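Here is a short report for a first look at the model. Keep the view open while you read.

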Amino acid sequence: MSVFSSVLLRSSVAARLRAAGCVFAEDEARILLAAATTPAQLAGMVRSRAQGRPLEHVVGWAEFGGLRISVDDGVFVPRRRSEFLVSAAAGLTGADALVVDLCCGSGALAAALVTAVGLPVEVYAADVDEAAVRCARRNLAAVGGRVFQGDLFEPLPAALRGRITVLLANVPYVPTADIELLPAEARLHEARPALDGGADGLDVLRRVAGQAPEWLAPGGSLLFETSERQAPEALAVAGAAGLDAALSWCEDLDATVVTATRR
């Protein structure tokens, strides 16, 4: 438990954060107070958050799928809406399934999926970013996950071809021109390759979908997140790759997910 329990101190920290534009200042103050172990550390964390650094980078973790996910500076912070992607994948993941998390970032999706299904599964993950791979290795160690650094399928063991049951691919899907419209927390503090999906936001998806059929087991599925606006084209991309694609949407999380299955 933190040594900081004063209501007055919590109120003071919340006021500082609120003045800096933090919408959930009271909740963030509680998290910072619980994370800090010395007054100097608390002061530094509050200052860093007030200057716009993501809360998750300040404390070193993000809450996702009921787990505390390690998140280092520069690494993509898992979004709550992506819990819907995990939920969709859980319904397709049975015992001894082979799960791969591409563009894995911190490995949050795979970690949450294994926890949600509560069954023995084989887990692999890959990301091009070195910092993300370090985080993913920590987050997936408990479930025996193997994490590789490289571009999409390239670093994965060749023995996985044609065997993947569930392929999670939370690919970047923000159109390049829209990057500057993102909140500063993402735009300035997360690796651009984790955000930028090319001119129409679907460049990385096209590459993943194009190679997915040779990596998926018969009846295996590729699951990815997209925006509501991009959904029709995303479905078309999956269909052009020879996959049977279906769309699902969660109103509570405002999340859109495509499940594309190998015929």
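## Terms and basis

Buried means under 20% relative accessible area, exposed means over 50%, and partly exposed lies in between (1.4 Å probe, protein chains only). This is a predicted model, in which local features need pLDDT of at least 70, side-chain atom pairs count only at pLDDT 80 or more, and totals for chains, interfaces and linings use all residues. Residues are numbered from 1 along each chain as its sequence is written, and side-chain values use heavy atoms, with hydrogens and water left out.

Helices (H or I, at least four residues) and strands (E, at least two) are DSSP runs, numbered from the N terminus. Two strands pair if DSSP finds at least two bridges between them. Contact means heavy atoms within 4.5 Å.

## Two loop residues with positive phi

Most residues other than glycine have a negative phi. D96 is not a glycine, yet its phi is positive, near 65 degrees. D96 sits in the loop between α5 and β3. D96 is exposed, at a relative accessible area of 66%.

C103 is not a glycine either, and its phi is positive at about 50 degrees. The loop between β3 and α6 holds C103. C103 counts as partly exposed, with 21% relative accessibility.

## The sheet

Seven strands form an open sheet: 7 strands in the order β5-β4-β3-β6-β7-β9-β8, with mixed pairing. The edge strands are β5 (146–149) and β8 (243–250), and each pairs on one side only. Neighbouring strands of the sheet are turned by 20 degrees against each other on average, direction ignored. For such angles, axes are lines fitted to C-alpha atoms, for helices over the stretch in contact, and angles run from 0 to 180 degrees between N-to-C directions.

Strand β3 (residues 98–102) is mostly covered, with 5 of its 5 residues buried. L98, V100 and L102 lie on one side, V99 and D101 on the other, and all are buried. β3 pairs with strand β4 (residues 122–127) in the parallel sense, over 5 bridges. The bridge partner of V100 in β4 is Y124. Strands β6 (residues 164–169) and β7 (residues 216–226) also run parallel, joined by 4 bridges. There, I164 stands opposite L216 in β7.

## Helices on the sheet

Helix α5 lies across β6, β7, β8 and β9, and runs at about 165 degrees to β7. The buried residues of α5 are F84, L85, V86 and A89. Their cover includes β1 (61–64), α6, β6, β7, β8 and β9. Helix α10 (residues 231–240) lies across β7, β8 and β9, at about 155 degrees to β8.

## Where α5 meets α6

How do α5 and α6 pack? Helix α5 (residues 83–90) and helix α6 (residues 108–117) pack at an angle of about 45 degrees, with their axes 9 Å apart. The two are therefore oblique to each other. Angles under 35 degrees count as roughly parallel, over 145 as roughly antiparallel, 65 to 115 as roughly perpendicular, and the rest as oblique.

The crossing of α5 and α6 is right-handed. A crossing is right-handed if the near helix is turned clockwise from the far one by less than a right angle, and left-handed if anticlockwise. L85, V86, A89 and A90 in α5 meet L109, A112, L113 and V117 in α6. The residues of this contact divide into 8 nonpolar, no polar and no charged. Ala, Val, Leu, Ile, Met, Phe, Trp, Tyr, Cys and Pro count as nonpolar, Asp, Glu, Lys and Arg as charged, and the others, Gly among them, as polar.

## Two threonines in β9

T256 lies in strand β9. T256 is buried, with a relative accessible area of 5%. Neighbours within four places in sequence aside, T256 contacts F224, E225, T226, S227, E228, A231, L247, S248 and W249.

T259 is also found in β9 (residues 255–262). T259 is buried, with a relative accessible area of 17%. With neighbours within four places in sequence left aside, its contacts are L92, S221, L222, L223, D244, A245 and A246.

## A residue in α8

A186 is placed in helix α8 (residues 184–189). A186 counts as buried, at 8% relative accessibility. The C-alpha atoms of A186 and F76 are separated by 7.9 Å, though the two are 110 residues apart along the chain. A186 touches R79 and L195, not counting residues up to four places away in sequence.
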